[in-house]
Amino acid sequence: MSTSNINKTLPSRFGPNFKTEVAIKHVKELLDEILPETDKSQIETEENWRFPLEKIKESKKCKPKSTKKKFLTRNEKKKLGLLKLPKDGWDYSKILPMNKMWKQYMHENLELVNRAPDHIEADYNSFCAVLNKSELIGAEISIIRSKIPSYVGVKGIIIFETKFTFQIVTAESKFKIITKDACVFVIQLRNMKFTIYGKSLLTRPSDRSIKKIKSYVFPDL
């Protein structure tokens, strides 16, 4: 391909023609407008005007940084008082609907038809495992034995549970914190009673459903 006519005036069919001086002036003005200050000094000296124009890019709009949801730490919850329930102002009668919902949940969760399996039956262990992994908030418990004498005979509905304690409201509308490890509990579900050693419940409620349950326990109460 010949380049001998590359600097000649374009034919009229390609649009209006400009004189070389006018074209050069126009290009210089354009370069002066778009080039960074560090390159403008070369406008008059650079023969072929080979400037790094590819570096001149449209500024990108900065996208706002996505912020992850920040959850409160345990210490922050503690400072805000979110880990403590008030000790006063409880009404046992207003807690009873929670117990009613819990009974319905347990009946479906344990797949109870008429009765619980006997300890000599084949499905007894699997039944106990389901019972142990079930949600206990809303259950009404009675303490039949305890290392702490004042606990014996206490009865109430569980309203909150931690790894080591039950927080209950008694029939007298009193708030109590019960240490699990120190007690043997009885849970009444319709015409059935379940005896549970507190030491078998020493886990966080959220972890109970995935924790492997021992099929035996050594009672010390």
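This is a predicted model: local features need pLDDT of at least 70, side-chain atom pairs count only at pLDDT 80 or more; totals for chains, interfaces and linings use all residues.

Residues are numbered from 1 along each chain as its sequence is written, and side-chain values use heavy atoms, with hydrogens and water left out.

**Aromatic pairs**

- The structure holds three aromatic pairs, where rings of Phe, Tyr and Trp (its six-membered ring) pair if their centres lie within 6.5 Å, and planes under 30 degrees apart count as stacked, over 60 as edge-to-face and the rest as tilted.
- One of them is the stacked pair of W90 and F175, with 6.1 Å centre to centre and 15° between the planes.
- Because W90 lies in the loop between α3 and α4 and F175 in strand β4 (residues 175-179), this pair ties together parts that are 85 residues apart in sequence.
- W90 counts as partly exposed at 21% relative accessibility, whereas F175, at 13%, counts as buried (buried means under 20% relative accessible area, exposed over 50%, partly exposed in between, with a 1.4 Å probe and protein chains only).
- The rings of F166 and F185 form an edge-to-face pair, with centres 5.3 Å apart and planes at 75°.
- F166 lies in strand β3 (residues 165-170) and F185 in strand β5 (residues 183-189), so the pair links parts 19 residues apart in sequence; both F166 and F185 are buried.

- L80 is exposed, with a relative accessible area of 57%, and is placed in the loop between α3 (74-79) and α4 (92-109).

Key
Helices (H or I, at least four residues) and strands (E, at least two) are DSSP runs, numbered from the N terminus.
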